[in-house]
Amino acid sequence: MNTATFQETNTKLTGSAAAAMAASPELLLIPLSRLRPSSRNVRKSGGTSIPELASSIARVGLLQNLTVVAAPDGEHYEVVAGRRRMAALKLLAKRRKLAKDYEVHCLLVQDDAARTVSLTENVQREAMSPIEELFAWKDLVAEGRPVEDIAADFGVTPLVVQRRLKLANVSPRLLADFGKQIVTLEQLMALAITDDHAAQEAAFYESPQWQRNPDALRDHLTSEEIDASRDAVAHFVGLEAYEQAGGGVRRDLFADDHNGIFLTDGALLDTLARDKLVPLAEQVRAEGWAWVDAASRATASDLYQFQRVRSTRREPTKPEAKRIAKLEDQQAKLQEQLDEDNDDMTDGQAQALHDALDALGNELEAMERQLVEYPPAVVALAGAIVSVDSMGGVVVHRGLLREEQVKALREQARQEEDGAGGNPDTGTDEPAKSGLSEKLAKRLSAHRTAALQAEVARHPRVALVALVHRLALRVIVESYGAGDSVVNISATPQDGLGLHAPDMADAPAAVGMRKVREAWAHRLPSDSDALFAELLAFPQQELVSLLAVCVASTVSALASQEGEIPATALAQAVDLDMHDWWTPTAAGYFEHVSKAKALEAAQVFAPDQVNRLGKLKKAEIATEAERLAAGTGWLPVMLRGQESAVEVEAEAGREVGGDADVCADTSGSVDSKVHEDAHAEA
C-alpha cells in the first residue's frame, strides 16, 4: 500500500518534469465511480491479493492516496499510481461495504508527468526486509493485539499470522543468517518446528551442508516423535482418538492439512492400538489357535523368532467357486472402465470405481483366507499375532511356532516315524536333492563370502583369532615345516567373487571392502622396507585394524550345493546377518530357481499370494516374488543363520510341524558399514 506523496516525488525529480508537476499539484476527493485505470501506469503486473488488500482497507482505511490525471472526457480520472488500491476499493463497493460514490483521496498531477510519476513511485521505494517484517508482526502481538484482529487488519487468515510469529521466534542467530541469505526461508520454516533455540542451532550448524535440506532438518528435530501422516499405527488408531486419550501433539504450522502432525507419546499410541486389536484377536482365537497375541507393531525382525506352519489351500466348494468367479469378473469389468481413455470421467467417478475395486478385492481376500487350512494337530500348538500392517490396516500372522513347540512337533513326528518302521513312501534314507543349481549356489555363497569379509574387517579380534588359528594348525597341531620364509603364511585375496556373482561389483559388502583397501593402499608405502618401518611405528590398535582388513580379504566361503555352508564358526563369531548385505531380487535369485522353488519361498513371505502366483509364468513369478519379498526379511537357506539352515536342510521337504522357514527384518540395511568403521583407522 506504500506510495510516494507529491512532496516526496517532487524532491526526487529535477528539470522539466518537476516544474510541470509543480505547476498545479492538487489533492482532491474524487468519487470512486469516476476513477478508472490508466494505460500509462508503468505497473502491468502485480494485481494480486486484491481481496486481502480490500479487507485491510475496510479495517484500517486507505492510508495512501492514489495518483491520477484528468481523463480526456473531462469527467473521469485515470489512476497512474495505485491500481491495486483502486481495485480493492471497487471490490469493497461491489460487496456493498463502500458506496459507489465513496470519495477517495487522490493527487492530481499534470498529464505530461503521468508516466514519470508512476515510474517514480514504483522505483523510488524500498520494501521492508523480511526480518523487519517478522519482528513487526511479533511487536503487534506484544502490544496485546489478538491474533484474529491482526489477521483481519491485513486481510489474511490467523494461520498466516501464527506462521509469521513462529518464524519470528526462531533463534536470533539463525534469523541473522537468514537476513544474510545463509539460511533460506524453507530451512527457517523447518527449524521452527521447535521453540528450543539450542536444538534449532544444533540441527543446522552441527549438520553437514548436504544434510541441511528442510526435510532433513525437520526429521532431525522430530526424530523421537511419530509422524502421524506416515506412521501406520497412527493411521490405525486415528488422530482424534489419540488426542482424546490425552496424547501430546506437535503441529508444523508450515505443513498442509494432512502433514506436519507429530505425536509425542509413542507408548500411549501403542496402547490404544493394542486395545483396538484385542477384539479382533479374540475372533482369531476362536479359530482354535493355542495362543493369540495383539501387537501394534510386529516387524519382520520380531517374526524372525518364529517358524511358520505350512498351510494348504483346499478346493473351493461349488458355491464358493461361483462366487469367486463372479467377483473376479466384476473386478475385470471395473478395471477395464478405469483403463479406458475416457476424458468425460470425473475424479469422483474414478474414485468411486477405485473404491468398488477395493471392496471386491477385500471380499476376494476374505474368501481366500477361508480356503487356507492348517492341520488341526498343529493348530493346537501354533499361534497367531494380530497386528497393524504398513498401510494402517489389520494383518493376522497365523501358524507361528515357538522353538519349544517346534521341538515338540519334531519329537512327535520322530516317534511316529519310528513306530512306522521308517519312511514307507521313499524306502530310502537318501537326503532330498538340493533345489538350487550349482551356479546359483556359488552365486549366493559368493555374496555370503563378501559379507563375511566385510564383517571380519570390522572385528579385528576375530581376525586375530582366525590368523592364530591358522598358525596353530600349521605349526602346533600338524607341525608342518615353515620352509625358507621367515613367516611362511600365504595370503591370497579372494577378488574373483564377481565370476560367480555378476552383481558383486555393486554389492554393499564388496563396495565397502574395496573402499577400505583403497584407503590403506593410498596410505601405505609400496617399498617392503619402508612398509616394515611404517608398521613398526603403528599403534597396536591401528596395526590390528590393518590386520583385520588383510585377513578378511583372504576369507573364502564358496559352496556348490544348497546344504553346503562353509565358515560357520567364523560367521557366528562376527554375528553375520545376511539381511544387512543381501536382498532377494528377481535377477539375483528368483529367475534362477524353478517355479516350484519360487512358490516354496513365497509360501513363507506371502502365503496368501501362492495360489495367484501359481497361475503366472516363471518370469512373472520372479518379478512378483521380488516385490512381495521386499521388507519381509526372507532369505534362502544358504544365507540364513547356521542353526536354521541346518535344520531346514536336514528336514527338507517335510510337511507341517517341521517347516523351518523363518521371516527376518531387512529394513535396517547397512550402508557401507565396513567403509565407515575400518576407513576411520585408515
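Me: An axis here is a line fitted to C-alpha atoms, for helices over the stretch in contact, and angles between axes run from 0 to 180 degrees between N-to-C directions. With that in mind, and remembering that this is a predicted model, why are helix 21 and helix 25 called roughly antiparallel to each other?

Reply: The axes of helix 21 (residues 438–457) and helix 25 (residues 540–553) cross at roughly 165° and come within 8 Å. Angles over 145 degrees count as roughly antiparallel, and helix 21 and helix 25 are therefore given that description. As for the sense of the crossing, helix 21 passes helix 25 in a right-handed way.

Me: Which residues make the contact between helix 21 and helix 25, and how do they divide into nonpolar, polar and charged?

Reply: From helix 21 come Q453, V456 and A457, which meet A548, V549, V551, A552 and S553 of helix 25. The residues of this contact divide into 6 nonpolar and 2 polar, with no charged residue.

Me: What makes the aromatic pair of F590 and W634 stacked?

Reply: The whole structure holds 9 aromatic pairs, and F590 with W634 is one of them, at 5.8 Å centre to centre with 25° between the planes.

Me: How do you know whether F590 and W634 are buried or exposed?

Reply: Buried means under 20% relative accessible area. F590 has a relative accessibility of 1% and therefore counts as buried, and W634, with a relative accessible area of 3%, is buried as well. Across the 682 residues of the chain, 39% count as buried.

Me: Why does A232 count as buried, and what is A232 in contact with beyond its neighbours in sequence?

Reply: A232 has 15% relative accessibility, which is under the limit of 20% and so places the residue in the buried class. A232 lies in helix 13 (residues 232–237). Leaving aside neighbours within four places in sequence, A232 is in contact with V388, D389, S390, M391 and G392. From C-alpha to C-alpha, A232 and S296 are 9.4 Å apart in space, although 64 residues separate them in sequence.

Me: Why does V292 count as buried, and which residues does V292 touch?

Reply: The relative accessibility of V292 is 6%, so this residue too falls under the 20% limit. V292 sits in strand 9 (residues 291–294) and, not counting residues up to four places away in sequence, touches A281, V284, R285, A384 and V386. The C-alpha atoms of V292 and G383 are separated by 5.5 Å, yet the two residues are 91 residues apart along the chain.

Me: Why is Q181 called exposed, whereas A567 is called partly exposed?

Reply: Exposed means over 50% relative accessible area, buried means under 20%, and partly exposed lies in between. Q181 has 72% and is therefore exposed, whereas A567 has 27% and is therefore partly exposed. Q181 lies in the loop between helix 9 (172–179) and helix 10 (185–191), and A567 in the loop between helix 25 and helix 26. Q181 has a positive phi of about 65° although it is not a glycine, and A567 has a positive phi of about 55°, again without being a glycine.

Note on methods:
Residues numbered from 1 in each chain as written. Predicted model: local features only at pLDDT ≥ 70, side-chain atom pairs only at ≥ 80, totals over all residues. Heavy atoms only, no water. Helix = DSSP H or I, 4+ residues; strand = E, 2+ residues; numbered from the N terminus. Parallel < 35°, antiparallel > 145°, perpendicular 65-115°, else oblique. Left-handed = near helix turned anticlockwise from the far one by under 90°. Contact = heavy atoms within 4.5 Å. Nonpolar A, V, L, I, M, F, W, Y, C, P; charged D, E, K, R; others polar. Phe/Tyr/Trp six-rings, centres within 6.5 Å; stacked < 30°, edge-to-face > 60°. Buried < 20%, exposed > 50% of the residue type's maximum accessible area, 1.4 Å probe, protein only.
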